[in-house]
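Dear colleague,

I am handing over the structure below, together with an account of what was found in it. Please keep it open beside this email as you read.

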Amino acid sequence: MVRPWCSRHGDRLRISVHVQPNASRTEISGVLESAIKIRLHAPPVDGKANEALVNFIAEQLNVAKRDVSVSHGHSSRQKIIKDRKSTRLNSSHLGISYAV
């Protein structure tokens, strides 16, 4: 299955994300074009949304927070997240289901 929002670059997993800050709760709300859409309860001030995003992705992938980072888009809604510990990714890890 092709996931345009997820790819492997060397030993790192790269995930394209579209973030909606100030949501009523933190959740994955689906796939938009080539990114997954994540609603974050955190506000987009003082890095709080980025921190919440890293915490959420680490929790979903069951890895340590120190192994997840925002590599691009620190002040944008479009972000690239990198994870250096996940050896494989199933769509179920991020709560996304696909129709067959």
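To begin with the overall fold, how many helices and strands does the protein chain have? In this predicted model, the protein chain has one helix and six strands, and their order from the N terminus on is β-β-β-β-α-β-β. The protein chain has 100 residues, of which 37% count as buried, and its accessible surface comes to about 6,000 Å², with 46% of that area belonging to carbon and sulfur atoms.

Helix H1 has 14 residues and reaches 20 Å from its first C-alpha to its last, which is close to the 20 Å expected at 1.5 Å a residue. Its buried residues are Ala-49, Asn-50, Ala-52, Leu-53, Val-54, Phe-56, Ile-57, Ala-58 and Leu-61, and what covers these buried residues includes the strands E2, E3, E4, E5 and E6. After H1 comes Asn-62, whose phi is positive, near 60°. The C-alpha atom of Val-45 is separated by 9.3 Å from that of Ser-75, although the two residues are 30 apart along the chain.

The nonpolar core

Which residues of the largest nonpolar core touch the most other members? This core has 23 residues, and those that touch the most other members are Ile-15, Val-17, Ile-38, Leu-53, Ile-57 and Ile-81. Two or more residues each come from strand E2 (12-20), strand E4 (35-39), helix H1 (48-61) and strand E5 (68-72), and H1 gives the most, with eight residues. Ile-81 shows how these parts meet: leaving aside its neighbours within four places in sequence, Ile-81 is in contact with Leu-13, Arg-14, Ile-15, Val-17, Leu-53, Ile-57, Val-68, Ser-69 and Val-70.

Around strand E6

Ile-80 is found in strand E6 (residues 78-83) and is buried, with a relative accessible area of 12%. Beyond its neighbours within four places in sequence, Ile-80 is in contact with Arg-14, Ile-15, Ser-16, Ser-69, Val-70, Ser-71 and His-72. Ile-80 and His-18 are 62 residues apart in sequence, while their C-alpha atoms are 8.9 Å apart in space.

One of the contacts of Ile-80 is Ser-16, which lies in strand E2. Ser-16 has a relative accessible area of 17% and is therefore buried, the limit being under 20%. With neighbours within four places in sequence again left aside, Ser-16 is in contact with Trp-5, Ser-34, Ala-35, Ile-36, Lys-79 and Ile-80.

Asp-83, also placed in strand E6, deserves a look of its own. Asp-83 is buried yet has no salt bridge, and the nearest side chain of opposite charge, that of Arg-12, is 6.3 Å away; a salt bridge would need a nitrogen within 4 Å of a carboxyl oxygen. Apart from neighbours within four places in sequence, Asp-83 is in contact with Asp-11, Arg-12, Leu-13, Leu-61, Val-63, Asp-67 and Val-68.

Salt bridges

Where charged side chains do pair, how many salt bridges does a search of the whole structure find? The search finds two, and Arg-25, Glu-27 and Arg-39 are linked by them in a network. In one of these, the side chains of Glu-27 and Arg-25 meet at 2.9 Å, N to O. Arg-25 counts as exposed at 53% relative accessibility, whereas Glu-27 is partly exposed, with a relative accessible area of 21%. Glu-27 also forms a salt bridge with Arg-39, the closest N and O atoms being 3.3 Å apart. This pair links distant parts of the chain, with Glu-27 in strand E3 (residues 27-32) and Arg-39 in strand E4, twelve residues apart.

With kind regards

Definitions and conventions: Residues numbered from 1 in each chain as written. Predicted model: local features only at pLDDT ≥ 70, side-chain atom pairs only at ≥ 80, totals over all residues. Heavy atoms only, no water. Core = buried A, V, L, I, M, F, W, Y, C linked by side-chain atoms within 4.5 Å. Buried < 20%, exposed > 50% of the residue type's maximum accessible area, 1.4 Å probe, protein only. Helix = DSSP H or I, 4+ residues; strand = E, 2+ residues; numbered from the N terminus. Contact = heavy atoms within 4.5 Å. Lys, Arg positive; Asp, Glu negative; His and termini not counted. Areas by Shrake-Rupley, 256 points an atom, 1.4 Å probe, with all protein chains shown as cover. Expected span 1.5 Å × (residues − 1).
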